[in-house]
Amino acid sequence: MSLHDHSVELRPKLVGKRVKRTEDPRLLAGVGQYVDDMAPAGMMHVALLRSDQPHARILNIDVGEAFSVPGVIAIYDATDLENEVRPAIPTSRMPDYYATPIWPLARHKVRYVGEPVVAVVAESRYAAEDALEHITIDYEPLPFAIRQVDAVKDDAPLLHEEAGTNTIIRREFKRGDVDAAFESAAVTVKGRFRMTRKTAVAMENRSYLAEWDARKQALTLYTSSNIPGVIRDVLSGCLDLPGTRLRVVAPDVGGSFGGKGSLYGEEILVCALARKLKRPVKFVSDRLEDLSATSQAFDELIEAELAVTEDGMLIGLRADVIGDVGAYSIYPWTAALETVQVVSFLPGPYRMEHYRGRIRGVLTPKPPTGPYRGVGRPSSTFAMERLIEMAARKLGMDPVAFRRKNLVNADEFPYRTASGIIWDKSAFQECLAGACAHVNYPNLLLERDEARRDGRWVGIGLASYAELTGIGSRISVAPGMPINTGTETAKIEIDATGAITAAFGIASHGQGLETTLAQVIVDELGCKLEDIEVKHGDSALVPMSSGTYASRSAVLGGGAATLAARVVKGKVLRAAAYLMEQSIDDLDMHDGIVTSRNSNCTMTLKEIASAVYSQMGRIPRDQREDLAASETYDPYLGTACSSTHLAMVEVDPETYGVKVLRYVVAEDCGKIINPMIVDGQVQGAVAQGIGAALLEEIVHDDQGQTVAASLADYLVPVATNVPDIGIVHIEADLPNNVGGFRGMGEGGTIGAPATIANAVSDALSHLSVSVETLPVTPERIFRMLQARRDPAAAVTD
Amino acid sequence: MKPAPFEYLAATSAAEAAEALAAANGDGKIIAGGQSLMPMINFRLVKPTILIDINRIAGLDRIEKHGERLRIGATVRHRMTATDALVHRHIPILHDAMHHVAHLTVRNRGTFCGSVCHADPAAEMPMMTLLLDGTIAALSIRGERQIAASEFFVGSLMTSLEPDEFVTWIDIDTLPPETGWGFEEFSRRHGDFALACVATTMRIVDGVACDVRFGMMGVGETPLRLPDIETLVEGQAISERLLQDVSEALKGLLQPNTDIHASADYRRHLAGVLARRALRDAWKRATFRKDGPDA
């Protein structure tokens with residue numbers, strides 16, 4: 001190899017660098033633009049009268065004196081919109097599934113407290129809310145079963161009569177002969193695990209603005225969505241508008257965590273109203289509406305049992321799960337997204353032959369469940385990792401040694417799990433070792449034991465897991481779902497000024513993808529970072545887009561960016577070869593300058609762009625090409641992102657308050673594009689997972705009312721709840737996709753609940769109680785200890 | 001979450017505010033910091049016809065020492081109480097308690113007197129006012145009425161203020177320098193409303209506790225002063241046996257609520273735990289301060 005090749009190798013690359021996020025200056029200086037910042041002339045506001053009943057028939061709606069409020073323009077219920085829209089149907093190819101139609105306003109019946117029933121359109125949100133006070137809805141209350149254990153029964157009142165059942169999802173995974181495995185097992189452990197209902201709580205509430213263009217008979221929806229492309233495609237059907245007359249834009253979006261990753265009735269509503277009234281219509285949900293009508297998460301009851309041999313090998317796992325999916329199946333993911341993932345991921349990163357996992361997804365009169373950072377796996381990892389530590393304890397084995405023995409080894413990849421998921425080569429063992437090394441595990445055990453001698457309740461817990469990220473067209477993100485989640489398109493164009501626009505179908509809403517995708521393009525194309533404008537979050541950018549979810553954007557977006565940049569670079573170098581009278585093989589571009597290894601002549605990208613586009617005849621017409629390319633990437637399979645979390649916690653022996661003393665995450669996300677952004681994702685997701693483990697819980701009382709209706713009652717973690725988090729990046733074998741990236745935005749929320757549950761259980765191990773419900777609040781610890789002392793007083797969760 | 005329509009008056013004198021409040025016929029609300037009132041107005045739980053802003057009234061923004069009492073004006077922010085030298089020197093337990101009041105942004109706007117008027121049974125300032133034998137000055141066009149803290153809190157978010165009265169200042173006891181104190185609060189997250197809280201003060205004379213004060217919050221419909229516990233501890237040296245007796249006695253004295261954060265049983269348990277801790281602290285501090293508070 002020549003010297004020159006070494007110099008190419010030594011050129012600084014941006015992938016792998018802590019590049020400061022290019023979106024931050026606008027966001028931090030308050031000049032970002034969110035939906036609520038937009039106020040087109042003539043804009044009207046919507047306020048919604050929401051159901052205060054969990055299940056009731058709508059008998060009559062009386063608007064009373066509502067129109068007397070100055071500024072009120074229109075008041076609608078479902079009957080007024082019957083001919084304006086078609087419902088969205090979250091179809092699926094899954095057998096035994098019923099797709100509940102999604103309408104903008106409740107028709108005939110309401111099915112949860114918080115469901116929109118009446119829309120008031122007014123000149124201001126104030127006037128609209130004043131009008132709401134005049135409107136009364138006459139309901140006939142209907143029977144309901146608020147808990148999933150009741151709703152699943154044959155004689156339970158039906159929420160959707162058309163479905164004929166409340167159980168709209170049934171799925172079973174099995175491999176081998178699990179019952180025989182249990183009969184032969186030396187040790188079995190079992191638990192009844194409950195991950196209570198959560199909600200995402202993004203800083204920006206859901207916000208929508210629809211504008212009707214009378215000239216073009218076209219509609220633009222600005223939405224705080226992380227799936228604007230999916231929304232465009234489904235609204236095209238709901239509103240009967242072709243894509244040329246329907247554009248869906250997600251401007252700056254203040255977080256989603258999954259909560260903004262589904263279609264909402266309010267999105268259909270503002271579009272229908274803007275078209276009907278021919279004026280811009282805005283709806284911004286307030287925090288109460290966010291807590292009571294944004295998609296919620298988890299709420300599974302997992303009865304699971306693990307079989308282990310005498311020498312500590314996992315041989316079998318069986319589980320029966322009832323998922324409380326809420327009142328509707330959500331679009332496009334369906335109610336199967338969360339529920340089915342619980343049983344498909346339950347076997348985890350472990351070698352295990354025999355498995356049977358059964359899930360029933362049950363309708364209850366609560367807000368629909370939907371995507372939430374981690375999807376299904378926070379619950380499955382919680383159950384499985386509790387079982388792992390319970391089994392280790394029963395066997396008298398150290399939980400680390402027990403995991404080491406059962407995690408899939410490097411030479412066993414690709415490994416097909418008992419539920420059929422294929423793990424490509426990922427650092428399962430290395431993450432376990434990395435987390436232990438970071439804290440000096442043997443020393444940490446001594447530290448724990450010494451604290452215990454002082455009467456302190458200190459415990460250590462771990463969780464190892466793997467998730468499937470960057471999934472291509474081979475598998476749907478949610479089973480049997482009607483949309484394509486497996487491809488991503490990048491359209492890169494160099495314009496006549498030499499500036500580069502890179503347009504994607506993704507929709508960054510806090511991930512920093514404008515920065516990371518630009519980093520990828522810089523390395524591939526050889527341009528300057530500041531010359532690239534990354535565009536995203538707009539259905540008009542590429543023919544089909546879906547958005548940012550399911551830890552896909554770095555893998556699929558990064559792959560598409562690489563492919564498109566390669567094509568564009570070829571075009572740049574062909575033009576340069578002609579202009580510089582050099583052989584193309586001798587040319588390369590770096591930092592926006594094309595150089596030749598055989599000459600001192602150079603050309604800037606700007607000069608080349610000018611020559612190609614603006615200097616007529618400079619390049620012969622049969623050789624002239626636009627410096628642009630659009631490439632679509634499909635990684636086909638997904639790639640495993642794996643991790644081990646380890647925490648040390650202390651439980652106050654009197655108040656039962658839990659404090660997280662140490663926390664470490666060792667993770668393998670393949671090639672790291674920007675370590676600063678990866679660190680941020682890990683820290684944020686672990687904080688969210690600590691919230692799920694210790695604080696957050698959506699509670700519905702027996703009357704079906706939501707009890708946690710403000711952030712004084714729905715407790716998200718604050719700075720004092722989150723310790724410093726040690727992060728160990730392990731870059732073992734790169735996955736077999738274009739960039740070598742694995743998706744990593746969700747992992748923290750998957751590992752943290754299980755880790756904290758295990759650490760708290762360890763801290764309480766001398767009292768023979770075990771954490772089976774999250775969040776593990778002081779109240780729950782108090783009740784566990786009370787039940788231990790007096791079994792008769794036990795209250796089940 | 002937008003308020004119903006209301007009028008707004010920025011009063012420049014106490015008399016003007018009193019007149020406006022009387023004219024509102026019970027539908028007026030006083031605003032100073034707005035940290036409790038604004039959320040209630042936005043939720044439309046409260047729909048005043050007029051908001052009377054007292055921030056521009058001169059002289060209400062001070063903390064002054066009058067004899068053995070500190071007088072806290074109606075627009076004194078939590079932030080000021082938390083950093084005030086008189087409070088730190090003469091009522092160190094109040095200084096400590098301030099660390100538990102919400103978060104910095106709330107403390108910057110919220111007021112001592114506003115918190116007392118809001119009368120949340122799990123908020124610190126109502127309990128401290130009761131513990132420190134506060135006097136609440138209520139002004140109306142009928143004149144000034146001084147209400148003892150023991151007569152002020154009548155229920156959750158309910159006080160004995162008449163609809164046309166508003167608070168202009170609150171007086172509280174300063175404590176003799178040799179007083180020891182204990183303040184123990186437990187909440188789900190730092191700055192949240194307490195699941196239970198104990199505040200206690202005492203001096204040590206001849207080896208036993210005297211002038212014992214014992215207050216609690218978060219465990220009833222109002223902040224509590226518990227004379228039964230004060231009597232139990234008065235004249236005794238703090239011992240594990242005594243602390244056990246206090247825990248037992250509390251179980252019979254308290255009728256806490258159950259809500260989504262804690263059951264009544266857990267709150268009763270917590271009350272005992274926090275009482276033991278607070279009394280131990282108070283005893284320790286009193287022992288130390290008896291020997292030289294400025295040491």
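Good morning. I begin with a stretch of chain A: in residues 29-143, the end C-alpha atoms are 52 Å apart, and the span is 10% helix and 30% strand. UniProt, in an unreviewed entry, lists these residues under the name "domain: Aldehyde oxidase/xanthine dehydrogenase a/b hammerhead". Please keep in mind throughout that this is a predicted model.

Chain B has a record of its own. For residues 1-177 of chain B, an unreviewed UniProt entry gives "domain: FAD-binding PCMH-type". That part of the chain is 34% helix and 26% strand, with 48 Å between its end C-alpha atoms.

Let me turn to the domain assignment. In chain A, domain 1 comprises 3-32 and 487-633, domain 2 comprises 35-142, 205-253 and 260-293, and domain 3 comprises 296-474 and 636-793. The C-alpha centres of domain 2 and domain 3 of chain A are 36 Å apart. Where these two domains of chain A touch, 27 residues of domain 2 are in contact with 28 residues of domain 3.

In chain B, the assignment gives domain 1 as 7-53, domain 2 as 63-173 and domain 3 as 180-290. Between the C-alpha centres of domain 2 and domain 3 of chain B there are 21 Å. Their contact involves 25 residues from domain 2 of chain B and 26 residues from domain 3 of chain B.

One helix of chain A deserves a moment.

I now come to the charged side chains. Over all chains, the structure holds 82 salt bridges. In one of them, A:Glu266 pairs with A:Arg206, and the closest N and O atoms are 3.2 Å apart. A:Glu266 is in helix H8, residues 265-277 of chain A, whereas A:Arg206 is in the loop between strand S8 (187-199) and strand S9 (207-213) of chain A; the pair thus links distant parts of the chain, 60 residues apart.

Are these two partners buried or exposed? Because A:Glu266 has a relative accessibility of 4%, it counts as buried. A:Arg206 also counts as buried, because its relative accessibility is 1%.

A second pair in chain A is formed by A:Asp299 and A:Lys366, whose side chains meet in a salt bridge at 3.7 Å, N to O. A:Asp299 lies in strand S13, residues 296-308, and A:Lys366 in the loop between strand S15 (354-363) and helix H11 (377-395) of chain A, so this bridge ties together parts that are 67 residues apart in sequence. Both A:Asp299 and A:Lys366 are buried.

B:Asp211 is partly exposed, because its relative accessible area is 43%.

Returning to A:Glu266 and A:Arg206, both belong to a network of salt bridges that also includes A:Arg50, A:Asp286, A:Glu289, B:Arg44 and B:Lys47.

Finally, the surface. Which residues form a nonpolar patch there with about 270 Å² of accessible area together? They are A:Leu288, B:Phe43 and B:Leu45. B:Phe43 sits in the loop between helix H2 (37-42) and strand S3 (50-53) of chain B. Because its relative accessibility is 34%, B:Phe43 counts as partly exposed.

Thank you for your attention.

Notes. Residues are numbered from 1 along each chain as its sequence is written. Chains are lettered from A and ligands numbered from 1 in the order in which they are written. This is a predicted model: local features need pLDDT of at least 70, side-chain atom pairs count only at pLDDT 80 or more; totals for chains, interfaces and linings use all residues. Side-chain values use heavy atoms; hydrogens and water are left out. Patches are made of residues with over 30% relative accessible area and no salt bridge: like charges are joined within 9 Å, nonpolar side chains (Val, Leu, Ile, Met, Phe, Trp, Tyr) within 5 Å. Accessible areas come from the Shrake-Rupley method with a 1.4 Å probe; for residues, only the protein chains shown count as cover. A salt bridge is a side-chain nitrogen of Lys or Arg within 4 Å of a carboxyl oxygen of Asp or Glu. Helices (H or I, at least four residues) and strands (E, at least two) are DSSP runs, numbered from the N terminus. Buried means under 20% relative accessible area, exposed over 50%, partly exposed in between (1.4 Å probe, protein chains only). UniProt positions are given in the numbering used here, feature names are shortened, and annotations may be inferred rather than shown by experiment. Domain bounds come from an automatic or database domain assignment. Contact means heavy atoms within 4.5 Å.
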